[in-house]
Amino acid sequence: MALRNLQEFVAELERLGELKRITARVSPYLEISEITDRTTKAGGPALLFENVEGSDVPLLINAYGSERRMTLALGVESFAEIADEISEMIHLSPPQGLIEKMRIAGMLAKIAKFPPKRVRSGACQEVVLTGDDIDLYKFPIITCWPDDGGPYVTLGQVFTKSLKNGARNVGMYRVQVFGKNEAAMHWHMHHDGARHYREFCAEGKRMPVAVAVGGDPIMPYAATAPLPPMIDELLFAGFLKKDSVPLVKSKTLTKENGYNVDIEVPAEADLVIEGYLEPNELVTEGPFGDHTGFYSLADKYPAFHITAITHRKNPIYATTIVGKPPQEDYFLGKATERIFLPLAKTQIPELVDMNLPIFGVFHNFVFVSIDKQYPWQAKKVMNSFWGTGQLMFSKIIVVVDKHVNVQDTDEVWFYVGANVDPKRDIVFMEGPVDILDHASPMHGIGSKMGIDATKKWREEGFDRDWPTEIVMSDEIKKRVDERWKEYGL
Ligand SMILES: [Mn+2]
């Protein structure tokens with residue numbers, strides 16, 4: 001059953017023994033971060049800090065920090081449930097050729113079955129603060145790491161609209177807090193929010209932006225899902241929930257107030273920060289201890305001027321930290337890896353499974369198994385990855401044969417060691433890299449490496465005999481299984 005808001009999510013986590021309340025007084029400056037880091041790395045529960053220095057608002061963190069809690073947020077038993085549904089959607093539709101367009105239209109129609117709906121009022125506006133009453137410091141906004149530039153809103157859903165066509169985008173971008181009504185908006189140049197901002201800059205217009213925190217537990221996931229720009233994250237959320245996301249009109253970001261677009265916000269949110277960006281007004285943002293395990297350097301990003309804060313009467317402030325893995329964001333990424341695998345297979349049909357291992361922080365490593373049917377297909381697959389959406393940022397791709405379990409990283413390294421002749425099987429490519437990659441020679445561009453760890457064929461120029469892998473016979477395995485107790489081991 002889909003959960004409607006953070007209050008229901010917290011109650012459900014607590015019922016399942018997946019949440020711990022902390023009543024000891026803690027500081028939002030680094031202390032919560034250290035407690036959370038230890039808890040996540042130990043596979044611990046979601047944490048609800050009820051007594052944070054300087055704020056009356058309780059703070060929820062690590063709510064997504066396990067596969068179980070992640071599936072709970074998505075309202076399913078397993079990621080496979082959603083992946084299977086997407087698979088079915090793909091296969092129900094005509095398979096190929098000219099009909100491709102119709103197939104995509106059919107999928108879109110299915111995804112669009114539960115569009116967001118406007119409602120008259122929402123819990124997110126039970127309290128409305130404007131003018132001098134605006135104060136971001138009412139909320140327990142944490143400073144995560146010692147060299148961070150300041151406190152950051154880390155789990156905000158950032159609502160923007162295109163100036164050109166009014167299309168909505170929801171992204172998860174961090175917001176650095178500078179004062180009670182001053183902040184900065186951190187989005188990367190390839191993010192949809194940044195694209196919208198460029199449109200407003202080009203026309204010299206003020207851009208309205210709302211940042212929602214908390215609310216429906218599906219929203220942080222929808223905001224991070226790698227959707228193409230033409231798919232509204234709220235349609236995807238509706239598809240996942242099997243229900244429409246209720247929206248209310250924001251209090252200040254409206255055409256009546258002189259903006260070119262109206263911004264709606266999720267009715268169930270705990271907190272909404274409304275504000276605007278001036279065209280080309282940039283401030284120094286950062287540094288920030290990032291998901292790479294290193295600090296991202298300070299750089300210039302849009303200043304975010306707050307025009308209103310609205311919140312529930314009893315809000316919960318949801319946040320997260322990123323840093324050296326594993327962190328909570330790994331499980332959001334894992335959900336994407338599983339849910340989007342069937343879609344990746346439509347582009348890369350030989351793909352059997354993929355794993356973005358925890359130590360690879362999403363883009364440093366991708367382990368891929370393929371059903372190899374023709375010579376040098378592993379190299380073809382590498383090129384497909386480097387040409388597909390956000391997978392283009394994959395720095396090191398390892399390709400193995402279909403029987404290798406890519407979820408077992410030691411098993412992958414075993415085949416890299418065993419099957420690779422480095423000079424023959426390693427290829428290099430150049431192109432865009434993740435802008436957080438600090439090792440690339442220049443910001444945002446660099447090289448990538450592919451390792452072909454599949455069995456080599458004669459057709460690939462390998463003219464020795466490839467040895468047979470050692471595997472015990474099924475008959476003996478079965479016999480030993482049956483007699484295991486007898487051995488007294
Ligand atoms: Mn988007």
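Me: Which residues are buried in helix α11 (residues 377-386)?
Reply: This is a predicted model, in which local features need pLDDT of at least 70 and side-chain atom pairs count only at pLDDT 80 or more, while totals for chains, interfaces and linings use all residues. Residues are numbered from 1 along each chain as its sequence is written. Helices (H or I, at least four residues) and strands (E, at least two) are DSSP runs numbered from the N terminus, and a residue is buried if 20 or more other C-beta atoms, placed from the backbone, lie within 10 Å of its own, exposed if 12 or fewer, and partly exposed in between. In α11 the buried residues are Ala378, Val381, Met382 and Phe385.

Me: Seen down the axis of α11, within what arc do its buried residues fall?
Reply: An α-helix has 3.6 residues a turn, so residues three or four places apart point the same way. The arc is taken from the directions from the helix axis to the C-beta atoms. The buried residues of α11 line one face of the helix, because they fall within an arc of 105 degrees.

Me: Which strands are included in what covers the buried residues of α11?
Reply: Contact here means that the C-beta atoms of two residues, placed from the backbone, lie within 7 Å. The cover over the buried residues of α11 includes β21 (365-370), β22 (396-401), β23 (426-432) and β24 (445-452).

Me: And helix α1 (residues 6-15): which elements do its buried residues pack against?
Reply: Leu6, Phe9, Val10 and Leu13 are the buried residues of α1. Seen down the axis they fall within an arc of 100 degrees, so they line one face of α1. Just after the helix, Gly17 takes a positive phi of about 70 degrees. The packing partners of the buried face are β1 (19-22), β2 (46-49), β3 (59-61), α3 (67-74) and β19 (317-318).

Me: Both faces of β2 are covered; which residues are buried on each side?
Reply: In a regular strand the side chains alternate between the two faces of the sheet. For β2, the buried residues on one side are Ala46 and Leu48, and on the other Leu47 and Phe49.

Me: What is the handedness of the crossover from β1 to β2?
Reply: Strands pair if DSSP finds at least two bridges between them, and β1 and β2 pair in the parallel sense over 4 bridges. Among the bridge partners, Lys20 has Leu47 in β2. A crossover is right-handed if, with the strands pointing away from the viewer, the path from the first strand over the helix to the second runs clockwise. The chain goes from β1 to β2 through helix α2 (residues 31-41), and the β-α-β crossover is right-handed.

Me: Which residue in β3 does Phe49 stand opposite?
Reply: β2 and β3 run antiparallel and are joined by 3 bridges. In this pair, the residue opposite Phe49 is Leu59.

Me: Which members of the largest nonpolar core touch the most other members?
Reply: A nonpolar core is a set of buried Ala, Val, Leu, Ile, Met, Phe, Trp, Tyr and Cys residues joined through C-beta atoms within 7 Å. The largest has 98 residues. Apart from it lies another core of 24 residues, including Val368, Ala378, Val406 and Ile451. In the largest core, those that touch the most other members are Leu60, Val209, Ala210 and Val265.

Me: Is Arg118 buried or exposed?
Reply: Arg118 is found in strand β4 (residues 117-118), which is in an open sheet with the order β4-β12-β13 and mixed pairing. β4 and β13 (264-266) stand at the edges, each with a single partner strand, so one side of each has no neighbour in the sheet. β4 pairs in the parallel sense with β12 (residues 246-249) over 2 bridges, and the bridge partner of Arg118 is Leu247. Because 11 other C-beta atoms lie within 10 Å, Arg118 is exposed.

Me: What is the phi of Phe362, a residue other than glycine?
Reply: Phe362 lies in the loop between β20 (351-355) and β21, and it is buried, with 23 other C-beta atoms within 10 Å. For Phe362, phi is positive, near 80 degrees.

Me: What is omega for the cis peptide bond from Gly286 to Pro287?
Reply: Pro287 has its place in the loop between β15 (282-285) and β16 (288-289). Another cis peptide bond, from Pro325 to Pro326, has omega near 0 degrees. From Gly286 to Pro287, omega is near -5 degrees.
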